[in-house]
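Visitor: I'd like to be walked through a protein model, and I'll keep asking how you know what you tell me.
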Amino acid sequence: MTVHAKRPITPQVQSRELQRKLYLAAKRHRNRRFHALYDRIFRSDILRQAWEEVRRNGGSAGQDGVTLEDVEREGVEQFLGQIEQDLKAGTYRPKPVLRVYIPKTDGRQRPLGIPTVRDRVVQQACKVVIEPIFEANFRDNSYGFRPKRSAQQAVTVVKKALITGWWVVDVDIQGYFDTIDQAMLMSLLKRRISDRRVLKLIRQWLEAGVLEDGVYNATEIGSPQGGIISPLLANIYLHVLDMFWAERYSSLGILIRYADDFVIICRTKRDAENALQTVKQIMDILKLTLHSTKTRVVDMGQEGFDFLGFHFHKKKSKKSNKLLPYIWPSPKAMMSVRSKIHFITERMRLSNSLSEVIKFLNQVIRGWRNYFRIGNCALKFQQLDRFVRYRLEQWVRAKLGSRGHWNELAFRALMTEHGLDYFYLTGVCAVKP
């Protein structure tokens, strides 16, 4: 008789079993409201799994200055034990998020709110418990920040829909995370959650406020972008759009959404114009505003559009001579990766070794290539390889100085020796556009 070793019961296994049970219960009873959830959030296995996720994601300290390394140095068990004790006693209070700004490719800055490590762990624990309940209701057209779903899947669906779709509604919600109506969001949460302590916990995060340059600002509207729980709350809010569309307006076109970024693929201009007016009406219900200049109707016979880093365009197929959809990295995506390459190979980093520079370049190259490989990217990849080569050559020349002697063969050998990767590899891209 063969004896099989039992699978070790880890916090990850326990948390996934809980999620499976909650998902199945929510799927069986679409209108059920769950009440006994709060006690599960401070279960030791859930908190441990939440900590592992937070540590894996990394990130800097919040407004209290406590880093992940500080927690590990002081003791993770003690840290999680204190959180469990505070949640049990009802004395847990989140701190304001730290406001930081990250540069965008167009020169503007995107505001982010960084919660403390402690608040990130509690948010992750709450997400572990409530996410499967809402996942049971979410529609298949939603791809952003969901288990087993990705931006690449959304891009693939859009490209397929464009085979027969000739008009696109390209939608941009103005300041989405900053304009979510908190009262409406709480009412949407109450449709599935009746546990008052969980609802209070989420309300505390929404109302925790923001600390910017040492000044506290209250948050009466919106959900600070950067919190672990924020993407789930954002999906719950826009699930209203998904439901309206699926039940009443799907005949107008196919809606594909990734968080607050979405497009609608339509067959005719009239359908696209009606779809845009319908979206405006739904946004009014949600108290959201469409960006007046960025939201537009696109004629795919004449132009293209950008979505999730890709540019979508119809071109004549060399085989069939028909107009078919092709996709490649958008100008904004190209500008972003060039900026990263430039940053790594700046002259101010001449003190770094060549192996360090190539290591950082390879991280960028592999990550970027793995995402965009689903597109018709051969030409763009080759352009980037030439740019990497140019930047590295300039960096090596500067490191050698005026006395150094340039040797092309030696340079190529160095690149090979240090394992420089390439954007373009034969067989990893679709057909050239």
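**How do you know that?**

Guide: Let's start with a loop: lysine 287 sits between helix 12 (269–285) and strand 8 (296–299). Keep in mind that this is a predicted model.

Visitor: Why is alanine 259 called buried?

Guide: Buried means under 20% relative accessible area. Alanine 259 comes out at 7%, so it counts as buried.

Visitor: And aspartate 421, is that buried or exposed?

Guide: Its value is 16%, which is also under 20%, so aspartate 421 counts as buried. Aspartate 421 belongs to the segment after helix 16 (408–417).

Visitor: What does aspartate 421 touch?

Guide: Leaving out residues up to four places away in sequence, aspartate 421 touches Asn362, Ile365, Arg366 and Arg369. Contact here means heavy atoms within 4.5 Å.

Visitor: What makes a space a cavity and not a pocket?

Guide: In a cavity a 1.4 Å probe fits but cannot get out, whereas a pocket is an open set of points.

Visitor: Which helices supply at least two residues each to the lining of the largest cavity?

Guide: Helix 6 (117–135), helix 10 (196–206) and helix 11 (230–249). Helix 10 gives the largest share, three residues. By type, the lining divides into 10 nonpolar, five polar and two charged residues.

Visitor: How much space lies in the second largest pocket?

Guide: About 810 Å³. Its lining has 28 residues, and nearest the centre are Glu53, Asn57, Gln124, Lys127 and Ile228. Two or more lining residues come from each of helix 1 (11–28), helix 3 (44–57), strand 2 (109–114), helix 6 and helix 11. The largest share, five residues, is from helix 6.

Visitor: How does the lining of the second largest pocket divide by type?

Guide: Into 11 nonpolar, 11 polar and six charged residues.

Visitor: Now the sheet in the order 9-10-11: why are strand 9 and strand 11 said to stand at the edges?

Guide: Strand 9 (305–307) and strand 11 (323–329) each have a single partner strand, so one side of each is left without a neighbour in the sheet. On average, neighbouring strands here are turned by 35° against each other, direction ignored.

Visitor: How do you know that strand 10 and strand 11 pair?

Guide: Two strands pair if there are at least two bridges between them. Strand 10 (residues 310–316) and strand 11 have seven bridges, so they count as a pair, in the antiparallel sense. For example, lysine 315 has leucine 324 of strand 11 as its bridge partner.

Visitor: Which strands does helix 7 lie across?

Guide: Helix 7 (residues 151–161) lies across strand 9, strand 10 and strand 11, and runs at about 25° to strand 10.

Note on methods
Residues are numbered from 1 along each chain as its sequence is written. This is a predicted model: local features need pLDDT of at least 70, side-chain atom pairs count only at pLDDT 80 or more; totals for chains, interfaces and linings use all residues. Side-chain values use heavy atoms; hydrogens and water are left out. Buried means under 20% relative accessible area, exposed over 50%, partly exposed in between (1.4 Å probe, protein chains only). Helices (H or I, at least four residues) and strands (E, at least two) are DSSP runs, numbered from the N terminus. Ala, Val, Leu, Ile, Met, Phe, Trp, Tyr, Cys and Pro count as nonpolar, Asp, Glu, Lys and Arg as charged, and the others, Gly among them, as polar. On a 1 Å grid over the protein atoms alone, a cavity is a set of points where a 1.4 Å probe fits but cannot get out, and a pocket is an open set with protein on both sides within 12 Å along at least five of seven lines; lining residues have an atom within 4 Å of a point. Grid points are joined across faces, edges and corners, and a volume is the space filled by probe spheres set on the points. Axes are lines fitted to C-alpha atoms, for helices over the stretch in contact, and angles run from 0 to 180 degrees between N-to-C directions.
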